[in-house]
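Dear colleague,

I am passing this structure on to you, and below it you will find notes on what was found. Please read them with the sequence and the model open beside you.

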Amino acid sequence: IMAMFSTEEDRKKFMGAVQEMSNSMIRIEAERDLIREIVKEKSDEFKISKKIINKIAKTYHKQNRAQVEAEHEEFMEIYDETVSKK
């Protein structure tokens, strides 16, 4: 097997990048935990399902309400046509 790093400096540079990515992953995990805590708290407080709260937050974040609405309308049309008895 060939050596991946031609110098110790290259190995250290690569390891620094790995550590930086790991630190970023820790921050991501912490943010996900915070989001879960907020969702649970607001679900309990306002009696709104966690699924709905998450969908509202994602739609707000992406600013794509029109797209979400169009997809829902398409779903309802296809659903109604599929399950309705003729």
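Helices and strands are here DSSP runs, of at least four residues (H or I) for a helix and at least two (E) for a strand, numbered from the N terminus. In those terms, the elements of the protein run α-α-α from the N terminus on, and there are three helices and zero strands. The radius of gyration, taken over C-alpha atoms, is 23 Å, well over the 12 Å that the globule rule (2.2 Å times the number of residues to the power 0.38) gives for 86 residues, so the protein is more spread out than a compact globule.

This is a predicted model, in which local features need pLDDT of at least 70 and side-chain atom pairs count only at pLDDT 80 or more, while totals for chains, interfaces and linings use all residues. Residues are numbered from 1 along each chain as its sequence is written, and side-chain values use heavy atoms, with hydrogens and water left out.

On the overall form, the C-alpha atoms fill a box of roughly 75 × 35 × 25 Å, taken along the principal axes. The accessible surface (Shrake-Rupley method, 1.4 Å probe, with only the protein chains shown counting as cover for residues) comes to about 8,400 Å², of which 59% belongs to carbon and sulfur atoms. If buried means under 20% relative accessible area, exposed over 50% and partly exposed in between (1.4 Å probe, protein chains only), then 6% of the 86 residues count as buried.

Helix H1 covers residues 8-46, and its 39 residues reach 57 Å from the first C-alpha to the last, close to the 57 Å expected at 1.5 Å a residue, where the expected span is 1.5 Å times one less than the number of residues. After H1 comes Lys-47, whose phi is positive, near 55°.

Turning to charges, side chains of opposite charge can pair when their charged atoms come close. With a salt bridge taken as a side-chain nitrogen of Lys or Arg within 4 Å of a carboxyl oxygen of Asp or Glu, the structure holds six. One of them joins Asp-33 and Arg-36, with the closest N and O atoms 2.5 Å apart; both residues lie in H1, three residues apart, about one turn of the helix. Asp-33 is partly exposed at 37% relative accessible area, whereas Arg-36 is exposed at 53%. Lys-42 and Glu-41 also meet in a salt bridge (3.2 Å, N to O), and Glu-41, Lys-42 and Glu-45 are linked in a network of such bridges. In helix H3 (residues 65-83), Glu-69 forms a salt bridge with Arg-65 at 2.8 Å between the closest N and O atoms.

The structure also holds two aromatic pairs, meaning rings of Phe, Tyr and Trp (its six-membered ring) with centres within 6.5 Å, where planes under 30 degrees apart count as stacked, over 60 as edge-to-face and the rest as tilted. The rings of Phe-5 and Phe-14 have their centres 5.4 Å apart and their planes at 40°, so this pair is tilted. Phe-5 is partly exposed at 33% relative accessibility, and Phe-14 is partly exposed at 49%.

Finally, Phe-46, Ile-48, Ile-52 and Ile-56 make a nonpolar surface patch of about 380 Å². Patches consist of residues with over 30% relative accessible area and no salt bridge, with like charges joined within 9 Å and nonpolar side chains (Val, Leu, Ile, Met, Phe, Trp, Tyr) within 5 Å. Ile-52 is found in helix H2 (residues 50-62).
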